[in-house]
Amino acid sequence: MSLAPIPYRVRTNERETADTRTLSLEPASGERIAYTPGQFTMIYAFGAGEIPISISGDPAGGRELVHTVRDVGPTSGAICALSAGEEVGIRGPFGHGWPDAAPDEHLVIVAGGLGLAPLRPALYRALEGGARRGRLTLLYGGREPEQLLFREELDEWRQRDDLECELIVDVARRDWRGRVGVVPSLIDRMEIDPARTTALVCGPEVMMRFAATALLGRGIPPQRLFLSMERNMRCAVGHCGHCQWGSSFVCRDGPVLDWGTIGPRFGIREL
């Protein structure tokens, strides 16, 4: 883990949605940092500032370090506007990532909107080498089809025999051939053996709350239900206090936390 920014060059910058880009970075020298799916880095855009962004690429992806960034402010906007060859500073990786599910267990990945980006490395890991013997399910939704990330890859995933991939949107035009509704409604349709299922969830907080309620209602134990939280992280090592959430610092103790630890906090307003 690096606490000082390391120079990385932009290799590619690809459009995902109207306000979201996926950047492939490579180190200006040396090897790419090693990371666990679910961890994040601090990206420093020279002259603009530094923000935390989850890693969205393949952990086994050679020298590439991939981030998917939504343009919501000056720093994220500066990062989204970068061209091939330009540099950023990378600190990290930071935080605790997604747990490993046993190869013979059912791994359920539930994502909403931009929340698929932090879950994508966990899905890559689960598919790696064809080692998974248990079921693998991806439930993913967005406000509308144009808001879904990695659409070409989603088409490929839906054709795989070793992955159950269900898509849903809140609102759709006539050319949409998927389901219409909210992500948690997909959980009610799924066959689950709760004693042999691990669930990973990331998306807007309200979506995660309802998804967690649905998964718990299907019998999944709180200790086998994991959520990735997003808070205002600045130092990334639990010193500045910006990301404190109850007794946890999201940058240090998260961003991935199990429901048994954080579930009661979802009932506290404005925490």
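Modeller: By "buried" I mean under 20% relative accessible area, with exposed being over 50% and partly exposed in between (1.4 Å probe, protein chains only). Bear in mind that this is a predicted model: local features need pLDDT of at least 70, side-chain atom pairs count only at pLDDT 80 or more, and totals for chains, interfaces and linings use all residues. Residues are numbered from 1 along each chain as its sequence is written, and side-chain values use heavy atoms, with hydrogens and water left out.

My pick is α2, which runs over 116–127 (helices are DSSP runs of H or I, at least four residues, strands are E runs of at least two, all numbered from the N terminus). With 12 residues, α2 reaches 16 Å from its first C-alpha to its last, close to the 16 Å expected at 1.5 Å a residue (that is, 1.5 Å times one less than the number of residues).

It's a well-covered helix: 11 of the 12 residues in α2 are buried. Among them are Leu 116, Pro 118, Arg 120, Pro 121 and Tyr 124. The buried residues of α2 pack against quite a list of neighbours, namely β4, β5, β7 (106–112), β8, α3 and β11 (197–202), contact being heavy atoms within 4.5 Å. Just after α2, Gly 129 takes a positive phi of about 70 degrees.

Now the space around it. A pocket here is an open set of points on a 1 Å grid where a 1.4 Å probe fits, with protein on both sides within 12 Å along at least five of seven lines, and lining residues have an atom within 4 Å of a point. The largest pocket has 46 lining residues, and Arg 70, Leu 114, Gly 115, Gly 203 and Glu 230 lie nearest its centre. α2 supplies at least two residues of that lining, as do β4 (49–54), β5 (65–70), α1 (74–80), β8 (136–142), α4 (183–189) and α5 (205–217). The second largest pocket is lined by 19 residues, and Arg 120 is one of the closest to its centre, along with Glu 14, Glu 16, Thr 22 and Phe 150.
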